[in-house]
Amino acid sequence: MNTPLAAALARPTLRSRAPGLLLAVAIALLAWWLGRLVPLIGGPVFGILLGIAVRNTVSPDARFTPGIAFGGKQVLQWSIIALGFGLSLTQVAKTGLESLSVTLVTLTVAFLSAWALGRWLGVHDKLKILIGVGTAICGGSAIAAVTPIIKPDEHDTAFAISTIFLFNVVAVLLFPLLGHLLHLSDLGFGLWAGTAINDTSSVVAAGYSYSSAAGDYATIVKLTRATLIIPICLILAFAVAAREKKNGAADFSLRRIFPWFILWFLVASGIRTVGLIPAALLPMLHDLAEFLIIVALTAIGLSANLRRMIASGARPILLGLGVWAAVSVSSLAVQLLIGRL
């Protein structure tokens, strides 16, 4: 049907995004206030919980969809860039190299466990790949990146994203509690969160719920991990092309899947490194980044349809749980072996 609403959904504009974005900001302000009252939980966690609650009770109509989608993706990227102003390139490079061994182990564990457990559960190959990639690298973003390469059904893509999102929510709530029970250091928890939690937003939320230092470290580790989406997509593209008579990767575009916000994060870090930002502005930039994170997580919560996730079935959820558990345990095991805890 050719209606103004349909046109707005197809070609989002500032005006069409305003209702959903304003809703996310309003809820985020409440979450920010609650986070100040209960710092152990924190604003990011309140944001995602309030978003889910509103989505599954009030259920905002389609007018809010463009703004909610914009908040969950673009505002999240802005928050990561803003965090870059508080981190020097020296710190970014040091953290990336320190976390690389753990990242590579968890990546391998994710794919092997997805293949083995998925085969045992009878989950078909494309859904196994989607859940494995989403768990190994960066949640919904990774799933979206490999979708045009392996060409799954739309139901499989939605199923995989819903499954990954379910464990993102669990991780945001569970990881800080487990971290305190295990008496993890700030850097130990940051490395665990950055390598074992799926989506960037959830890594950031869990990290900063634990401590500011853990949040900074987890963010850099996660961004280092996210860059691995490029070789993974290339490998999948070549595998699909070799397997099919026709080039199954004909619409593969490196430019489209590349996480460009990571480059802007590095630019922001470079500006901080050369001392172009006055020290008095740094706390303000950190507070801005924190609020943008809360807005993004609120928007993601507003996108979560719990009924659809529950109705999708048990096997992919069990697969997601198994892969996520394997990655979480392997991350801690590697840190224990190399003496990082």
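**Notes on the predicted model**

1. Let's start at Leu89, which sits in helix H5 (residues 89-121); helices here are DSSP runs of H or I, at least four residues long, and strands are runs of E, at least two, numbered from the N terminus. With a relative accessible area of 34%, Leu89 is partly exposed, the class between buried (under 20%) and exposed (over 50%), with a 1.4 Å probe and protein chains only.

2. Before going on: this is a predicted model, where local features need pLDDT of at least 70 and side-chain atom pairs count only at pLDDT 80 or more, while totals for chains, interfaces and linings use all residues. Residues are numbered from 1 along each chain as its sequence is written, and side-chain values use heavy atoms, without hydrogens or water.

3. Leu89 also belongs to a nonpolar surface patch of about 550 Å², together with Trp260, Leu263, Trp264, Leu266 and Val267. Helix H13 (residues 260-273) gives the largest share, 5 residues. Patch members have over 30% relative accessible area and no salt bridge; nonpolar side chains (Val, Leu, Ile, Met, Phe, Trp, Tyr) are joined within 5 Å, like charges within 9 Å.

4. On the overall fold, the protein has 16 helices and 0 strands. Of its 341 residues, 50% are buried. Take the contacts (heavy atoms within 4.5 Å) between residues at least 6 apart in sequence: 82% of them join residues at least 24 apart. The protein exposes about 15900 Å², with carbon and sulfur atoms supplying 71%; areas are Shrake-Rupley values with a 1.4 Å probe, and for residues only the protein chains shown count as cover.

5. How many salt bridges does the structure hold? There are 3, each a side-chain nitrogen of Lys or Arg within 4 Å of a carboxyl oxygen of Asp or Glu. Glu290 pairs with Arg36, closest N and O atoms 3.4 Å apart. That one links distant parts of the chain, with Glu290 in helix H14 (residues 282-302) and Arg36 in helix H2 (residues 14-37), 254 residues apart. Arg36 is partly exposed at 42%.

6. Lys128 and Asp125 make another salt bridge, at 3.2 Å between the closest N and O atoms. Both are in helix H6 (residues 125-150), 3 residues apart, or about one turn of the helix. Lys128 is buried at 9% relative accessible area, whereas Asp125 is partly exposed at 43%. Arg63 and Asp61 also meet in a salt bridge, 3.0 Å from N to O, and Asp61 is partly exposed at 36%.

7. Now the aromatics: a search of the whole structure finds 6 pairs, meaning rings of Phe, Tyr and Trp (its six-membered ring) with centres within 6.5 Å; planes under 30 degrees apart are stacked, over 60 edge-to-face, the rest tilted. Phe189 and Tyr210 are stacked, 4.0 Å centre to centre with 10° between the planes. Phe189 lies in helix H8 (residues 186-196) and Tyr210 in helix H9 (residues 200-210), so the pair ties together parts 21 residues apart in sequence. Phe189 is buried at 0%, and Tyr210 is buried at 11%.

8. Last, helix H10 (residues 212-226). Its end C-alpha atoms are 21 Å apart, which agrees with the 21 Å its 15 residues should span at 1.5 Å a residue, taken as 1.5 Å times one less than the number of residues. H10 is mostly covered, with 13 of its 15 residues buried.
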